[in-house]
Amino acid sequence: MVALALPAFGALVAEPLFVMADSAIVGHLGTPQLAGLGVAAALLNTAVNVFVFLAYATTAAVARRIGAADPRSAIRQGVDGIWLALLLGAAVVAVVIPTAPLLTELFGASGNATSYAVTYLRISSLGIPAMLVVLAATGVLRGLHDTRTPLVVAIAGFAANAGLNAGLVYGAGLGIAGSAWGTVIAQCGMAAAYLTVVIRGAKRHGAPLRPDAAGIRACATAGVPLLVRTLSLRAILMIATAVAARLGDAEVAAHQILLTLWSLLAFALDAIAIAGQAIIGRYLGAEDASGAQAACRRMVQWGIASGILLGVLVAVSRPLFIPLFTSDPVVHGQLLPALLVVAVTQPVSGIVFVLDGVLMGAGDGPYLAWAMLGTLAVFVPVALAVPALGGGLTALWWAMALFLLTRLVFLWLRARSGRWVVTGAVRA
């Protein structure tokens, strides 16, 4: 499990590191630019991450077929997912570009930040098809228990993104537009690298590469419960950003930094869950229910330990890394207390992300969908009450803590029930 989780961590943190690099570079242009990036990044991440099922469902499906000793069918499943990713990506771009001003307005961005948000969102949306291809292809490789290739691609992509951003923002003088173009170029390069690896694997096992309408429909149908689950999760994050935007520019700028850090920590913890998806899927595909349950218990232990370690690191180092993102003392003041909330909730996050990964690996999508809808119903009234009751950014992040605790209850009850353990090459 560790051999899978460590490389998976490196690949998972690429996405938040992309945004962190953008935030660090754009933050020194000014607070309005950083606030605009915060709103645009939340919208962009939503536009992409609602389709994260392209990675998660593909990982589980491919791993089950590998466990059943059918690599040709496993890769064929992954190829169908990549074709679905291209179709979805084109549709999202067609929607985002013309509606960018409306979307940023709905998020409550200030007049100073709106133009920067629209610029970043429109340019960055061109990279959405590449980002979705990366999700689907990553799912294929994870299902094959290959987490090292995504690590290599992620490192190369992050290095390219950071270099391009610095060069285009400051060297070419393009400002926030340069940051967006740098990210798009890096994402397209990553997608090309993944496609090269998947095509080679398909040829090696004799899996066809042409689009198959029935297979694409099957991938889409299987992904619907995870889409509902992810839409509910993204709604929570979007509502949190919208509430922060209405608190003020300093608050939403600080919230963007917090959310970027939280995402980095979440992806770090999710590395164990990613390994779990592949392991659980393979055990269940091989008809080994006891092995799957034992793996679940081990991963929960790893999640708790990792969460404690990350929480301590955040609490101790918080005065050190804040200046990397902004020199505005008002933003500093917003960040320091809220970071403590992030720190103390990391052990809870460790269990949540691990159990989420276990149930995904088992193909238990419908339960995950209902659980996240229930969590959304608890979070929304609490978050909306923050500005109404005169609360600030720290209060908003205590609402985020409630979101994690609610999610923990739902997932723990399911894991204890054992109803997620369904064996076979395909979940019935």
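Across the whole structure, a search finds 4 aromatic pairs. The model is a predicted one. Its largest pocket holds about 540 Å³ of space, and the structure has 2 cavities of 30 Å³ or more.

**Aromatic rings**

- A pair of aromatic rings is described by the distance of the centres and the angle of the planes.
- Among the 4 aromatic pairs is the one formed by Phe-51 and Phe-53, which is edge-to-face, with 6.3 Å from centre to centre and 70 degrees between the planes.
- Phe-51 and Phe-53 are both buried.
- Phe-379 and Phe-403 also form an edge-to-face pair, at 6.3 Å centre to centre and with 70 degrees between the planes.
- This pair links distant parts of the chain, as Phe-379 belongs to helix α15 and Phe-403 to helix α16 (residues 393-417), 24 residues apart.
- Phe-379 and Phe-403 are buried.
- Trp-262, Phe-353, Phe-379 and Phe-403 are linked into a cluster by ring pairs.
- One ring of that cluster, Phe-353, has Arg-407 over its face, at 5.6 Å from the ring centre.

**The largest pocket**

- The space in the largest pocket comes to about 540 Å³.
- Its lining consists of 27 residues, and those nearest the centre are Ala-57, Ala-61, Gln-77, Ala-222 and Arg-427.
- Five helices are named as each giving at least two residues to this lining: α4 (53-67), α5 (71-106), α10 (213-247), α14 (346-361) and α15 (365-388).
- The helix that gives the most is α4, with 8 residues.
- Sorted by class, the lining of the largest pocket contains 18 nonpolar, 5 polar and 4 charged residues.

**The second largest cavity**

- The second largest cavity has about 50 Å³ of space.
- Its lining is made up of Arg-229, Asp-356, Leu-368, Ala-371, Met-372, Thr-375, Arg-407, Phe-410 and Leu-411.
- The largest share, 4 residues, comes from α15.
- By class, the lining of the second largest cavity divides into 5 nonpolar, 1 polar and 3 charged residues.

**Ser-263**

- Ser-263 is placed in helix α11 (residues 249-285).
- The side chain of Ser-263 reaches the backbone oxygen of Leu-259 at 2.8 Å.
- Ser-263 and Met-20 are 243 residues apart along the chain, and their C-alpha atoms are separated by 9.9 Å.

**Glu-287**

- Glu-287 is found in the loop between α11 and α12 (289-321).
- Most residues other than glycine have a negative phi.
- The phi of Glu-287 is near 65 degrees, a positive value in a residue other than glycine.
- Glu-287 counts as exposed because its relative accessibility is 54%, and the cut-off for exposed is over 50%.

Terms used. Residues are numbered from 1 along each chain as its sequence is written. This is a predicted model: local features need pLDDT of at least 70, side-chain atom pairs count only at pLDDT 80 or more; totals for chains, interfaces and linings use all residues. Side-chain values use heavy atoms; hydrogens and water are left out. On a 1 Å grid over the protein atoms alone, a cavity is a set of points where a 1.4 Å probe fits but cannot get out, and a pocket is an open set with protein on both sides within 12 Å along at least five of seven lines; lining residues have an atom within 4 Å of a point. Grid points are joined across faces, edges and corners, and a volume is the space filled by probe spheres set on the points. Ala, Val, Leu, Ile, Met, Phe, Trp, Tyr, Cys and Pro count as nonpolar, Asp, Glu, Lys and Arg as charged, and the others, Gly among them, as polar. Rings of Phe, Tyr and Trp (its six-membered ring) pair if their centres lie within 6.5 Å; planes under 30 degrees apart count as stacked, over 60 as edge-to-face and the rest as tilted. Buried means under 20% relative accessible area, exposed over 50%, partly exposed in between (1.4 Å probe, protein chains only). A charge sits over a ring if NZ of Lys or CZ of Arg is within 6 Å of the ring centre and within 35 degrees of the ring normal. A polar contact is a pair of N or O atoms within 3.5 Å; within protein, one must be able to donate a hydrogen and the other to accept it, and residues adjacent in sequence count only if both atoms are side-chain atoms.
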